[in-house]
Amino acid sequence: MGRTDRLKELGIHAQPDHRLLPKHVLEQIEKLPRNERRLRKKVIDRALGSAYKRMIADNSSGAGYPIDMQIREFLMEYNDRQLGHGLLTLPSTFNVMEGFLEFCAEPPVHFFALRPEKDHLFSLSDFFDFATSGNRREDGLRTLAGLPDGLILNFTPIGDVRDLAFLHADSHRFVIAGFTLVRRDDQLHWAMVGGPIVDLDEETHKLRETGTGAVRGRPPEKAHIDVNPDLEYRAESLKGTDDVWKTVVYGRFNLRTESHEVRGIARDYGNQYYIIADDPDMFDAPDPSKMSARDRETAESMIARLEADHLLIELAETCFLLPSYFDFRITLIRESIRATAIGEMSALERNRISGLADSIRPYIRKVAALEIVDLGQAPVLRSYNPPSFRVEVEGFWRRLTPDTPGHDQQGNPVRGRTWVKGHLRWRDRPSNPHVIYLKSSISSARAKAAAVLASYASAAIVGDEVHLPQEIVPSEPMIGTRGWLYVMRCPLMDDDVYKIGWSSRHPKDRAAELSNATGVPMAYIVVDCWKLDDAREAEVKVHLALSSFRINPRREFFRAPFSAIRSSIVNTIGARDTVSE
């Protein structure tokens, strides 16, 4: 279904907030007989139950990375507005993010659901080595045009987001925490989450002092929408950091004309997003040349601010190459497992979403991961020229009521939207060549490399597609069965990654041996252990019980919350007390 048809379907169901209906209509509703009002409420409650069930599943089905959490944050906001206030109150970000969603019409209730997803993990440093190693632009566009229609692709960098920072000579350092895209016909809907590294307390003080972002008047259809009073007005941090100001960069790109139709930047102000965008549809003018002086001033101000933050747009353009990067490195891709929030629910909680298809309520997410680490002497600071795509300035699509006739760029008749021709001078800016600098932390990269090599048999060195020897860590001698079943982890590994094995010696001795053998700068820590008469057999049973969380079938590493791991072990071996000596 093309964007015209999607918007047309939405238009059929577009209703205002019931509190904004004409007075005589409200009076007629209030005069309905009590039994009819009760019947209507019963029908609505039944439909809402179905909608809420799907919304709970969508909100809990992600891999838990910043980028898929961001999509769900937008999804929840759109559903909250639609169910409480009507489709006419959706924010401007919807013009891009609608590509990630399905519109579910179950009269009398209508809501949005998430499209299918595929998750990826990758080395940001290696990706930029790939992206800057030649003219990848055309290959990248061909790959994008061939992507499955309607499949969301999420990409998350491995490790600490600060390991690789981007900057212009005149800007803050900026980090990337994730990128997502979905192709819908000839349009690419995309979003990137990250942010500048700043002093958040200082930025919060500036916001409160200047009143930037304060709500000043609302259009009539949004009269009943306000900021969340439970949230604080501040420079909001990216989750897991205390010095990155969470920022979402998003847009819609036309693959046929190779141009940006919409670009936007949303900075998190705690209880709201402060948005700048160059979306022509934000300004209610039938002809761009006839925009009011006030609208033109606002539009030009937004363009100037977008240009000032061109680093963010250019990083997103570089991330357009991620699908072709995964195609290029396909021999190094492995599949890992990550538990979803649904997988960690109790049986009672899962019962609330029973009846939905398994694909909608997954217990785990399979993640395509490129296990590539940089062990070389990479420079601390390097630079590259980002790709350059033009911005559409010859016109734009304007939404119409569903049955209203319009026309496309070639004059062919269409309904539900029309192409508005006219030079968008306020969007037209000269293309200035820019240089982006990449600053990496070598010590962090080396430490992470050692941890990854200790964890995964499929790890490889950048530029060398030969896998390293699988048996990096010496295995426990298989002599006898008495001993210890243990759970260990290394602080340099990703969260919720644990090594589970058995040893005839005390686990602390085994941990010291593992740390010395792999050269990991930080030693393995014994998280829990049990002394057993049949430790080797217990290890086999536990590995089978936790097989869905195993990262690599040839290694003893599992990714899951420790509470889930310990519960499974206790149930498998029938022991409840931790043993220590």
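Buried means under 20% relative accessible area, exposed means over 50%, and partly exposed lies in between, with a 1.4 Å probe and protein chains only. The model shown is predicted, with local features requiring pLDDT of at least 70 and side-chain atom pairs pLDDT 80 or more, while totals for chains, interfaces and linings use all residues. Residues are numbered from 1 along each chain as its sequence is written, and side-chain values use heavy atoms, without hydrogens and water.

View 1. Strands (E, at least two residues) and helices (H or I, at least four) are DSSP runs, numbered from the N terminus. Leu121 has a relative accessible area of 5% and is therefore buried. Leaving out residues up to four places away in sequence, Leu121 touches Tyr65, Thr156, Ile158, Phe326, Val367, Ala368, Ala369 and Leu370; contact means heavy atoms within 4.5 Å. Gly178 lies 57 residues from Leu121 in sequence, and their C-alpha atoms are 9.4 Å apart.

**View 2. Crossing of helix α6 (residues 124–131) and helix α10 (residues 310–319).** The two axes come within 10 Å and cross at roughly 80°. Axes are lines fitted to C-alpha atoms, for helices over the stretch in contact, with angles from 0 to 180 degrees between N-to-C directions. Helix α6 contributes Phe127, Phe128 and Ala131 to the contact, and α10 contributes Leu315, Thr318 and Cys319.

**View 3. Aromatic pairs involving residues of helix α6.** Rings of Phe, Tyr and Trp (its six-membered ring) pair if their centres lie within 6.5 Å; planes under 30 degrees apart are stacked, over 60 edge-to-face, and the rest tilted. The count by this rule is 22 aromatic pairs. Phe127 and Phe128 form an edge-to-face pair because their ring centres are 5.2 Å apart and their planes stand at 75°. Phe127 is buried at 0% relative accessible area, and Phe128 is also buried at 0%. Phe130 and Phe328 form a tilted pair, 5.2 Å centre to centre with 40° between the planes. This pair links distant parts of the chain, with Phe130 in α6 and Phe328 in helix α11 (residues 322–328), 198 residues apart. Phe130 is buried at 5%, whereas Phe328 is partly exposed at 43%.

**View 4. Charged end of Arg267 over the ring of Trp245.** The charged end lies 5.4 Å from the ring centre. A charge sits over a ring if NZ of Lys or CZ of Arg is within 6 Å of the ring centre and within 35 degrees of the ring normal.
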